[in-house]
Amino acid sequence: MTRQSAIFAFLISLSVMVAVTCGSSNEALGPSRTLDVQKPNVVLILCDDLGIGDVQCFNPENGKIKTPFIDQLAKEGMSFTDAHSGSSVCTPTRYGLLTGRYAWRTKLQNGVAQGFEDCLIAPDRPTIGNFLGDNGYRTALLGKWHLNMKFTDPQNPGIELVGKKFKYTPPVNSTSPDGPISRGFDVFFGIHHARSMKAIIEQDTVVRHEDVISFLPTLESKAVEFINQQAESDQPFFLFLPLGSPHTPIVPTKAWQGASGLGAYADFVMQTDHVIGTVLKQLDARGFRDNTIVIFSSDNGCSRQAKIGQLAKQGHSVSAGFRGSKSDIWDGGHRVPLVIRWPGVVEDDSRCGELVGLTDIFATVADCLSLKPPAKSCEDSVSFLAAMMGEEFESKRDGIVHHAINGHFAYRTPEWKLVLARGSGGWSGPNENNSKDQPEAQLYDMRSDQDESRNVYESRPDIAARLLAMLERDVANGRTTPGPFSPNDTDEIQLWKSGRDQEE
């Protein structure tokens, strides 16, 4: 059965039976604008700072935190074991997820958004929310935005607030002209980022300030409420649920405190898993299971605020043996758990080891709907629908670009990884300052050295030069996928942050 015929049969009768193994493709299936009530709903759940090793089914030997609902989701779908976030920190990953484009193509060359500034997503750039809304979906973002947004003074309409005065927390009744509802979402309930978690925003208005410990339970209730509303409608829906946990502040509620026996972070992971379970149960209860694509992942690796060393002493590896953690250019910074469930299309309890990224979600969802992504989008997004359906992987993209908190780059093919840094590129040691005696870059054979312990940069200059040329080309072209030239938003992209006569 071809991919086209399989999807057509699914959308018409919900009775497709497909034998699935691992594979991929990046061919689009052609445009369509007719509203079909049988279009699959899409639920995208994104955890915050959840390491790949924090999900037990991705780390069965050294994962001590219980995650029964995510594990069950994996049994009902496909687990991707070589999936990567667009960056090893929050904001750039979210930009890439929503636009299908790497955030380092914008003015954000390192770090994360702080708020009270123009939204990082340009007004004329389509998001996955715009795309699905234009194709008949009701779109909702419930949770953490963290892509910058401005606020106006509630006492002086039209007067812009300056962030430093409010210490990240905008006042009640201030409004935002460039938040999620201006970037493709019909519904928004949530926060900007962790430091402004007290400020609860509904649509474009700060409606209240509340204790941060209440946010995750409130978000759980809002997700259930949205699903219940959609049960009364024939309109397909897209629910983007960026939970904001288990990121700091690490605040498990009283019912979850001590549940893990491993500390507050592990308790918070368990509560997060429970919230995911609530959402999945509600989808089932309202009859959405068979016609809903559920995508679960994390925005980057586990943060050191989780007390990684203490967890390791208790036998728990947050990065499942991969080197590094949040902020780093090594895989522990950006290799993330990715699970997709689509009954009748994705085989239960299947696994895929192909190289994919969260920037690929946009093109993949479009492919699931037999649609082409809109113009000026998805420059770095490749559909892996075929991987979900058992077809051969024949990516037209040479590799994936990794990016660390300090702006260090890496280029990854299925076989090799070139790191343009002497050290971690982030918070882990050694960093650039204490590794000046090391080679200017790192090169790893990811087939035999996934823990990135044997740097062969100096002994394999041919491979290093080839990967560097690919990276330079993909930066210059404004895209990593086939297509016309797409200009970057800035000319200030600096590949070498150290080495090559650069200073850290």
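**Figure 1. His316 in the loop between α8 and β10.** In this predicted model, His316 belongs to the loop that lies between α8 (308–313) and β10 (338–341). His316 has a relative accessible area of 2% and is therefore buried, the limit for that class being under 20%.

**Figure 2. Surroundings of His316.** Leaving aside residues up to four places away in sequence, His316 touches Gly53, Asp54, Asn62, Gly63, Lys64, Ile65 and Leu311. A polar atom of the His316 side chain lies 3.0 Å from the backbone nitrogen of Lys64.

**Figure 3. Helix α6 and its buried residues.** Helix α6 consists of 16 residues. The distance from its first C-alpha to its last is 23 Å, close to the 22 Å expected at 1.5 Å a residue. Buried within α6 are Phe215, Leu216, Thr218, Leu219, Glu220, Ala223, Phe226, Ile227 and Gln230. These buried residues pack against the strands β4 (138–144), β5 (187–191), β6 (199–202), β7 (205–209) and β8 (237–242), and also against helix α7.

**Figure 4. Helices α6 and α7.** The axes of α6 (residues 215–230) and α7 (residues 264–285) come within 9 Å and cross at roughly 10 degrees. Because angles under 35 degrees count as roughly parallel, α6 and α7 are described as roughly parallel to each other.

**Figure 5. Residues at the contact of α6 with α7.** From α6, Leu216, Pro217, Glu220, Ala223, Val224, Ile227 and Asn228 take part. They meet Phe268, Gln271, Thr272, His274, Val275, Thr278, Val279, Gln282 and Leu283 of α7. The residues of this contact comprise nine nonpolar, six polar and one charged.

Terms used
Residues numbered from 1 in each chain as written. Predicted model: local features only at pLDDT ≥ 70, side-chain atom pairs only at ≥ 80, totals over all residues. Heavy atoms only, no water. Axes fitted to C-alpha atoms, helices over the stretch in contact; angles between N-to-C directions. Helix = DSSP H or I, 4+ residues; strand = E, 2+ residues; numbered from the N terminus. Parallel < 35°, antiparallel > 145°, perpendicular 65-115°, else oblique. Contact = heavy atoms within 4.5 Å. Nonpolar A, V, L, I, M, F, W, Y, C, P; charged D, E, K, R; others polar. Expected span 1.5 Å × (residues − 1). Buried < 20%, exposed > 50% of the residue type's maximum accessible area, 1.4 Å probe, protein only. Polar contact = N/O pair within 3.5 Å; in protein donor to acceptor, adjacent residues only side chain to side chain.
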